[in-house]
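Colleague: I would like a close look at one part of this model, the charged pairs and what surrounds them. Please take me through it step by step.

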Amino acid sequence: MRRDATFPAMGGEAHVIVTGGDHRLLDGARRRVVDLEERWSRFLDDSELSRLNRSPGRAVVVSPETFALVEHAVEGWDATAGRYDPTVLPALRAAGYDRDLALVTGTPAVTGPAPRRPGHQLVAPGCGLIRLDRRRRAVTLPAGVELDPGGIAKGLAADIVTGELAAAGAPGSMVNIGGDLRVRGEPPEGDSWSIAVEHPLRRDRPLLTLGLDDGGVATSNRLRRRWIQDGRPRHHLIDPRSGHPAVSDLVAVTVVAADAWWAEVATKSVFVAGAPASRADVSGVLVATVDAAGTVEMSPELARIAA
Amino acid sequence: MTTERGRRPRRRHAAAGGRILIGGLSASVLVGLIGAMARAERPVTTGPPPAVAGATAPAGSGRLPPTVRVTRPTSPPTTTSHAS
């Protein structure tokens with residue numbers, strides 16, 4: 001039996017499917033997604049992450065979930081040689097993304113210029129000085145370092161919730177938060193979970209449809225979350241090396257990985273690097289890219305099933 | 001595919017533990033894996049050590065194969081991966 005729930009979460013829409021198991025699992029999963037957002041949202045002043053960001057130089061004891069978020073973010077930064085960088089939050093604010101922006105399709109939402117702090121550094125400082133005390137479960141952010149969960153939280157939440165559903169006896173589950181998703185176990189139909197990947201430039205067909213038994217899929221593009229600042233187009237995919245929205249021929253990147261958090265992190269890394277799928281340099285994943293001219297490239301494994 | 005540092009993140013079971021997902025069920029049933037990893041009495045056994053000041057990772061070499069397997073689907077899409 002398949003049970004579904006759809007609800008707003010993390011700036012988008014969440015879709016949870018539980019196949020089989022106790023009927024209370026679905027509502028528990030929904031509450032858990034909401035719980036994780038309340039811990040991690042940078043738009044909530046009393047979230048754990050916001051409190052951490054306001055405590056430079058202090059060891060802050062956090063929950064296991066938030067420690068995992070920071071730990072994975074540091075790991076992702078390290079594994080991508082800094083192309084994914086969670087310390088881009090000041091740059092994001094400087095670019096105008098200082099509030100929960102409405103999604104846009106077509107005409108970008110117009111916002112005024114964001115105030116810049118005097119002497120503000122836009123280049124992301126990186127994670128090299130972040131201290132993680134696993135024994136105390138404490139995180140110390142150095143001065144000038146603030147974390148943006150935007151490039152990892154949806155995927156990690158999907159991993160956490162599907163993992164907990166499996167531990168609770170759900171034969172299968174899917175958690176999709178804003179398009180970044182994780183599947184595990186038995187699908188509702190067919191031999192595997194059937195997942196469509198949005199085409200960034202076409203509405204009449206997906207980029208591809210794939211079958212996945214256990215893993216994560218994440219998609220980023222620079223066309224949806226964009227706005228105007230000081231008369232210039234901006235988007236949310238910040239290049240940590242410059243502190244400005246990444247300049248790239250790529251308009252969309254999709255990554256398939258063993259974990260949704262890594263898929264989400266890898267999309268940012270591939271986008272910032274700017275190379276199409278044939279030259280993407282991210283470990284252990286499958287990649288699909290679309291550039292501004294509409295050229296599609298895919299890892300061979302994806303190309304075979306898309307043919 | 002490999003990173004410039006030639007390493008890939010260790011696969012993690014990303015569940016934070018110790019939380020009862022379903023009311024009325026035994027707490028011992030629902031122990032998340034990441035929660036177990038984060039507890040003081042159970043040191044994390046996977047992943048790189050915590051970042052320290054001045055750490056510089058070595059350059060990597062070679063490419064690692066994908067760790068995920070995809071197939072041609074046998075049913076209509078259940079969900080869509082999209083940008084948000």
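Modeller: A residue is called buried when its relative accessible area is under 20%. Over 50% counts as exposed, and anything in between as partly exposed. Keep those cut-offs in mind. Remember too that this is a predicted model.

Start with the charged pairs. Side chains of opposite charge can pair when their charged atoms come close. Over all chains, the structure holds 21 salt bridges. Let us follow a few of them in chain A.

Take Arg182(A). Its relative accessible area is 0%, so Arg182(A) counts as buried. One partner of Arg182(A) is Asp159(A), and their closest N and O atoms are 2.7 Å apart. Now look at where the two sit. Asp159(A) lies in helix H5, residues 153-167 of chain A, while Arg182(A) lies in strand E8, residues 180-185 of chain A. The pair therefore ties together parts that are 23 residues apart in sequence. Asp159(A) and Arg182(A) are both buried.

Arg182(A) also forms a salt bridge with Asp214(A). Here too, the closest N and O atoms are 2.7 Å apart. Asp214(A) belongs to the loop between strand E10 (208-212) and strand E11 (215-221) of chain A, so its pairing with Arg182(A) in strand E8 ties together parts that are 32 residues apart in sequence.

Next comes a network. Salt bridges that share partners join Arg32(A), Asp35(A), Arg39(A), Glu48(A), Glu65(A) and Glu164(A). One of its links can be viewed directly. The side chains of Arg39(A) and Glu48(A) meet in a salt bridge, at 3.4 Å from N to O. Arg39(A) is buried, and Glu48(A) is buried too.

Now turn to a helix, H3 of chain A. H3(A) covers residues 64-79, which makes 16 residues. From first C-alpha to last, H3(A) reaches 22 Å, close to the 22 Å expected at 1.5 Å a residue. How many residues of H3(A) are buried? The count is 16 of the 16, so the rest of the structure largely encloses this helix. After H3(A) comes Ala81(A), with a positive phi near 55 degrees.

Asp239(A) is found in strand E14, residues 238-239 of chain A. With a relative accessible area of 10%, Asp239(A) is buried. The side chain of Asp239(A) reaches the backbone nitrogen of Arg241(A) at 2.9 Å. Leave aside neighbours within four places in sequence. Asp239(A) is then in contact with His244(A), Pro245(A), Ala246(A) and Val272(A).

Rings come next. Over all chains, a search of the whole structure finds one aromatic pair. Trp261(A) and Trp262(A) form it, with 5.8 Å from centre to centre. Their planes stand 55 degrees apart, and the pair is tilted. Trp261(A) is buried, at a relative accessible area of 1%. Trp262(A) is buried as well, at 6%.

Last, a glance at chain B. Its secondary structure comes to one helix and two strands. From the N terminus on, they run α-β-β. Chain B has 84 residues, and 38% of them are buried. Chain B exposes about 4600 Å², with carbon and sulfur atoms supplying 56% of that area.

Methods: Residues numbered from 1 in each chain as written. Chains lettered and ligands numbered in written order. Predicted model: local features only at pLDDT ≥ 70, side-chain atom pairs only at ≥ 80, totals over all residues. Heavy atoms only, no water. Helix = DSSP H or I, 4+ residues; strand = E, 2+ residues; numbered from the N terminus. Buried < 20%, exposed > 50% of the residue type's maximum accessible area, 1.4 Å probe, protein only. Areas by Shrake-Rupley, 256 points an atom, 1.4 Å probe, with all protein chains shown as cover. Salt bridge = Lys/Arg side-chain N within 4 Å of Asp/Glu carboxyl O. Phe/Tyr/Trp six-rings, centres within 6.5 Å; stacked < 30°, edge-to-face > 60°. Expected span 1.5 Å × (residues − 1). Polar contact = N/O pair within 3.5 Å; in protein donor to acceptor, adjacent residues only side chain to side chain. Contact = heavy atoms within 4.5 Å.
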